[in-house]
Amino acid sequence: MVKSRKRTGMRIVVIGLGRFGASVARELIAQGAEVLGVDVDERRVQRISDDLTYAAVADSTDEEALKQLGVPDFAHAVVSIGSDLEAGILATSLLSEFRIPNIWAKATSHQHRRILERVGAHHVVLPEHEMGERVAHLVTGGRMLDYVEFEEDYAMVKAHAPRSIVGKALKDSGVRHKYGITVVAIKHPGEDFTHADYDTIVQDGDVLIVAGRNEAVEAFADVN
């Protein structure tokens, strides 16, 4: 069963249409991509078929089934099979054999991630683990408004500007020397975020985006 709707843009196949896969697929559509959604569960396909460019019921571990759907012609793929680890690994391996240049895969553990990387995934995400870390940082982060970790010890944080630097230009605030962080963007009250430079004046009520080592950005977010 295949349903289609006309779209333009990047062509991406999403394998696995559970909550995570369906969310990714819908967001890709919202960004203008053409999305082929594949799942072995007909009910999942029916629930999302009207939202995607194409939606197909198929076994993602079946090489011939994927070939019939034209999967080898896609340049981007997302494997989001969380409940059946073996199926996710096999699907990722097949995509790698198809030489798809950009394969993203969802893992449920660090060991699972290593296996997916070994069989050909170029990018692996652990959404539950990463969201858990993010929420933990926000709960304990004082004035922190948002937290995104990029590497094991490097993050960006959104936080209120501390009173000690209000009215000062960033070059005179001493935040880089004192806290070891870099202010990369600033949002004045009632305005949008904009790039911050050394001459930017911090105002009362500003929100900052700062980057640096985890401990440094967390310490800065705690400053009143």
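This is a predicted model: local features need pLDDT of at least 70, side-chain atom pairs count only at pLDDT 80 or more; totals for chains, interfaces and linings use all residues.
Local features need pLDDT of at least 70 and side-chain atom pairs count only at pLDDT 80 or more, while totals for chains, interfaces and linings use all residues. Residues are numbered from 1 along each chain as its sequence is written, and side-chain values use heavy atoms, with hydrogens and water left out.

Q: Which residue in β12 stands opposite Lys 187?
A: Strands here are DSSP runs of E, at least two residues, numbered from the N terminus, and two of them pair if DSSP finds at least two bridges between them. β10 (residues 182-187) pairs with β12 (residues 207-212) in the antiparallel sense, over five bridges. Opposite Lys 187 you'll find Val 207.

Q: Which residue in β11 is the bridge partner of Ala 185?
A: β10 also pairs with β11 (residues 194-195), antiparallel again, over two bridges. The two form a hairpin with six residues between them, and Gly 190 in the turn has a positive phi of about 80 degrees. The partner of Ala 185 is His 195.

Q: Is Lys 106 buried or exposed?
A: Lys 106 sits in strand β6 (residues 102-106). Buried means under 20% relative accessible area, exposed over 50%, partly exposed in between (1.4 Å probe, protein chains only). Lys 106 has 11% relative accessibility, so it counts as buried.

Q: Which residues beyond four places in sequence is Lys 106 in contact with?
A: Contact means heavy atoms within 4.5 Å. Leaving aside neighbours within four places in sequence, the list for Lys 106 is Phe 20, Val 79, Ser 80, Gly 82, His 112, Leu 116, Val 125, Pro 127 and Glu 128.

Key: Helices (H or I, at least four residues) and strands (E, at least two) are DSSP runs, numbered from the N terminus.
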